[in-house]
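Reader: I'm new to this one and would like a guided look. Could we go through it in short questions and answers?

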Amino acid sequence: MKNLKLDTLDLLSINILVNLYEHHSAKLVAKKMNVSAPKISRCLQHSRIIFNNPLFIRKKHGFIPNEFAKQLYPIAKEIVQCSEHLYQIHVDDSGSEKSPITIHVSDLILHQFPQLLKNAIKESHLTLKFAISPNSDKLITDISENRIDIGLISESNHEYLKQIDNLVDVVALKRLSHLYLVCDLHHPLLKQEITLESIAQYPYVSILGKPEQATSDPFLLYCSQHQLAYHLKNGDLINHNFNIEALKQHITDTDAVALLPYSKIYDQSHQMPNLHVCRLSEVETERLYLSINSPTLYLVTKKGPLSSNISWLVDTVGHIVNRSIH
């Protein structure tokens with residue numbers, strides 16, 4: 001590697017290297033990162049020139065990393081994770097005197113959300129500042145009283161949406177029609193047929209408790225409707241904010257299980273070697289949602305007209321959600 005010039009290697013190119021390594025598809029990476037396919041190609045070519053190495057071999061079933069890329073991946077992955085943590089603390093601190101726009105989004109919902117939003121701001125040549133607020137015990141109150149500008153919530157209870165309609169504006173973004181089972185890698189459930197009934201035999205971790213309201217999640221409602229006994233493992237925490245680390249602590253080395261409607265847990269399952277993550281079969285998912293509304297991801301803002309910056313962010317966040325969640 002002669003004339004290696006790492007100072008010209010940008011974070012976006014590193015991020016694309018990591019995603020190509022994990023997903024093998026430029027088309028899928030473009031969709032997940034909200035970046036155009038030509039941009040993916042340019043960044044990959046830029047990395048190849050810097051490292052003086054092809055990095056990937058294009059085959060019929062996608063991009064296959066070579067030996068050098070395999071050595072590079074863990075280092076690049078660590079850089080991406082560190083940058084994401086920095087963005088979550090405070091993104092795009094440009095020195096402007098204006099306060100950052102505060103966005104509430106659960107750690108469970110979107111993969112690399114701060115980075116995706118920063119890319120969109122940069123490509124639009126804007127100077128917006130935003131801060132991520134993953135924790136809010138009273139989200140609707142925080143929005144109506146201007147402590148949070150934009151919130152993302154998942155909800156299947158239409159009555160609850162009617163209750164908050166006089167306080168905030170709610171826009172439906174995406175119906176969450178899939179479910180992902182999470183359990184310990186050696187869980188006894190994996191030796192059985194995985195059905196709603198077999199899942200109910202084990203302690204259940206619910207992540208769908210709502211701020212300001214103890215809304216049961218669809219699985220618990222299904223159990224109640226069909227007289228299935230269940231044990232809620234985290235009953236004392238159901239209204240608290242949940243993240244991936246908290247979920248892992250509840251499930252690793254226990255007989256507890258969880259059902260999540262968010263694809264992020266599946267996308268990141270390779271980073272959780274002690275857990276088993278799989279998509280629940282369509283048959284069981286349809287059984288669950290036959291009489292119970294599937295959750296929808298909503299974007300929530302304060303009632304009334306929005307500033308031009310917040311309006312732009314509302315549209316952009318909605319676009320990111322629809323491209324990133326499957």
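Reader: Which residues does K264 touch, not counting residues up to four places away in sequence?
Author: Keep in mind that this is a predicted model. K264 is found in helix α11. Leaving out residues up to four places away in sequence, its partners are D107, L108, I109, L110, H111 and I244.

Reader: Is K264 buried or exposed?
Author: The cut-off for buried is under 20% relative accessible area. K264 has 4% relative accessibility, so K264 counts as buried.

Reader: And what share of the chain's residues count as buried?
Author: The chain has 13 helices and 10 strands. It exposes about 16100 Å², with carbon and sulfur atoms supplying 52% of that. Of its 326 residues, the share that counts as buried is 50%.

Reader: What part of the contacts with a separation of 6 or more comes from residues 24 or more positions apart?
Author: Take the contacts in the chain with a separation of 6 or more, and look at those that join residues 24 or more positions apart. Their part of the total is 77%.

Reader: Which residues touch the most other members in the largest nonpolar core?
Author: That core has 65 residues. Another core lies apart from it, with 21 residues, among them L189, I199, Y202 and C223. In the largest core, the ones touching the most other members are F113, L117, L247 and I265.

Reader: What is L117 in contact with, leaving aside its neighbours within four places in sequence?
Author: L117 is one of the residues that touch the most other members of the largest nonpolar core. With neighbours within four places in sequence set aside, L117 is in contact with I103, F130, L313, T316, V317 and I320.

Reader: Now the open spaces: which element gives the largest share of the lining of the second largest pocket?
Author: This pocket has a volume of about 270 Å³. Its lining has 13 residues, and D10, L12, K39, N119 and K122 lie nearest its centre. The elements giving two or more residues to that lining are α1 (11–23), α3 (37–51) and α5 (113–123). The largest share, 5 residues, is from α5.

Reader: How many residues of that pocket's lining are charged?
Author: The lining of the second largest pocket divides by class into 4 nonpolar residues, 4 polar ones and a charged group. The charged residues number 5.

Reader: What phi does D253 have?
Author: Most residues other than glycine have a negative phi. D253 sits in the loop between α10 (244–251) and β8 (257–260), and D253 is exposed, with a relative accessible area of 72%. Although D253 is not a glycine, its phi is positive, at about 60°.

Reader: Where does N146 lie?
Author: N146 is not a glycine, yet it has a positive phi of about 70°. Its place is in the loop between α6 (139–144) and β5 (150–155).

Notes
Residues numbered from 1 in each chain as written. Predicted model: local features only at pLDDT ≥ 70, side-chain atom pairs only at ≥ 80, totals over all residues. Heavy atoms only, no water. Helix = DSSP H or I, 4+ residues; strand = E, 2+ residues; numbered from the N terminus. Buried < 20%, exposed > 50% of the residue type's maximum accessible area, 1.4 Å probe, protein only. Contact = heavy atoms within 4.5 Å. Areas by Shrake-Rupley, 256 points an atom, 1.4 Å probe, with all protein chains shown as cover. 1 Å grid on protein atoms, 1.4 Å probe; cavity = no way out; pocket = protein on both sides within 12 Å on 5 of 7 lines; lining within 4 Å. Points joined across faces, edges and corners; volume = space filled by probe spheres on them. Nonpolar A, V, L, I, M, F, W, Y, C, P; charged D, E, K, R; others polar. Core = buried A, V, L, I, M, F, W, Y, C linked by side-chain atoms within 4.5 Å.
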